[in-house]
Amino acid sequence: MEGRYDSDLELKYADQIAGLLSTPSPQAVEKYYDKLALEGHGQGLKVKQTREMGKGVFAERDFQEEELVLQDRMLVGAQHFSNKGDSFVCSFCFCYIGSIEIQIGRRLFLRSVNIDNGDGLHHHHSLQLPDNKSKMTSHIPKEVVEDLLNGKLSLPFSEHFPLPVITKCIGGCSDESYCSISCAEAAWEAFHSLLCTGERSLCKNRAGLLDFKQHADETNDIFHVAAQVISKVILKSRKGKENLHEDFNWSEVLNIWEPFAMGYKKLWWECVALPEDIDPIDESEFRKEIKEFAWTSLQLLKGAIFEEEYAPLFSLQVYGKIIGMFELNNLDLVVASPVEDYFIYIDDLPHSEKIEAEKMTRPFLEALGDGYATNCEGTAFFPLQSCINHSCEPNCKAFKREQDKDGQAILVATKPIVKGEQIFISYIEEDMPLEEREASLSDYGFVCKCTKCLQEKGNTSVAAPDI
Ligand SMILES: [Zn+2]
Ligand SMILES: [Zn+2]
Ligand SMILES: [Zn+2]
């Protein structure tokens, strides 16, 4: 580590930091995931240590093609900042909220703000749209957009796509909205009470918190998720103390940290793949910059929620590894947009009804432009999915079924799976040619040795069976 990052904190709490970052033993890993299974997470699956790939998930029973293999609830997660204008979702479970009219009106409103002022929400999609598309927004008068947002205007057949009523944050901030009071309370209890910028926030320095959030929005929204991890550990530890009236005990913090200890991680600035537009000569400069971003973000977060009792959680090593954990695992959060379903429904109506309905809907569809039904996208940590290894010939895929309306990870079998087989998903577009697959996988920091890759490399020797 370079001098300037070598703070007193890292030295003073070296032992605790090492404890947070130590790799759990294979026995500890099995015990943790067995406990999850007992609680009903990942039934029919078992996490085991493999010889070549670290942890892996194995089938404990047969699965048929298209059968649900895993439904995994996230521990922390956040929508991408650039996606917030496209999809208005619950900040805890990530289901779409409001109404079809609000979803459409919000996108049109934010785009008009962006185009008029060049700021507002930094909205990548709309800013990248060709000019003619952007101008089409102006075909929808402001008053009509307002009527969509305030419920005065309803679109035909939108009652077939009801969405939960918007619930505001109980802390009084306007950053987060929820689908229900139970989601608002669960988020508050899990991490948001320390990260809320509203009046009832438990954060001691709300101005500092705003600075942290703005920096994350402008640089990398993964910082929001890293802050959730730290906040979650602090809040749970505090609650444990209140309930048990016990003195502070670091080993309790380690227990609470356990789900995150399980995640495979490296330091973010060491493992992040070099972007294509960066000359390899400038690699060390690039990595220095990334580390600087993390350092700045951490200082801002410390300014907002630091507590001496939990100081080791605010180490740059810990922060860098939490972010690296998100970088190295395939942990995309995706929820399909009901706006797409809505327009498909209109398109599928019997001819005369369709003509009538489209008189009203067509201008909106045109104004919304190409990405009219962009999905909700973000980053999340799923305890079991994060253990599933990659193959270019996977036996499972992430697949949202009709009934899956929130941010849970859903995996279904793409072929029959026999008891004892390892579960694989593809982290990438597996139909790409070998070189492109290898390039994409370098982002995850490994070289794939699946049968397909070995065969295409002309290596006829079959891989030794795992375990
Ligand atoms: Zn919700
Ligand atoms: Zn709030
Ligand atoms: Zn492969």
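Predicted model: local features only at pLDDT ≥ 70, side-chain atom pairs only at ≥ 80, totals over all residues.
Close-up 1. Distant parts of the chain are linked by the pair C93 and C179, which are 86 residues apart. C93 belongs to the loop between β4 (76-79) and α4 (100-117), and C179 to the loop between β6 (177-178) and α8 (181-195).

**Close-up 2. F94 in the loop between β4 and α4**. F94 is not a glycine, yet its phi is positive, at about 70°. The residue is buried, with a relative accessible area of 2%.

**Close-up 3. E66 in the loop between β2 (55-59) and β3 (68-72)**. E66, likewise not a glycine, has a positive phi of about 70°. With a relative accessible area of 66%, E66 is exposed.

**Close-up 4. The site of the zinc ion (ligand 3)**. Four SG atoms, those of C392, C448, C450 and C453, coordinate the zinc ion (ligand 3) at 2.3 Å. The arrangement is tetrahedral because the 4 donor atoms subtend angles of 101 to 114°, and four donors count as tetrahedral if all angles lie between 85 and 135 degrees. For four tetrahedral donors the ideal angle at a metal is 109.5 degrees. The donor residues follow the sequence spacing C-x55-C-x1-C-x2-C. C392 is in the loop between β9 (389-390) and β10 (396-398), whereas C453 is in helix α18 (residues 451-456), so the pair ties together parts that are 61 residues apart in sequence. C392 and C453 are both buried.

**Close-up 5. Packing of helix α2 (residues 14-21) and helix α14 (residues 316-328)**. The axes of α2 and α14 are 10 Å apart and meet at an angle of about 15°. Angles under 35 degrees count as roughly parallel, and α2 and α14 are therefore roughly parallel to each other. Their crossing is left-handed. On α2 the contact is made by I17, L20 and L21, and on α14 by Q317, V318 and K321.

Conventions. Residues numbered from 1 in each chain as written. Chains lettered and ligands numbered in written order. Heavy atoms only, no water. Donors = N, O, S within 2.8 Å, 3.2 Å for Na, K, Ca; no water. Tetrahedral: all angles 85-135°; square planar, octahedral: opposite > 155°, others 65-115°. Helix = DSSP H or I, 4+ residues; strand = E, 2+ residues; numbered from the N terminus. Buried < 20%, exposed > 50% of the residue type's maximum accessible area, 1.4 Å probe, protein only. Axes fitted to C-alpha atoms, helices over the stretch in contact; angles between N-to-C directions. Parallel < 35°, antiparallel > 145°, perpendicular 65-115°, else oblique. Left-handed = near helix turned anticlockwise from the far one by under 90°. Contact = heavy atoms within 4.5 Å.
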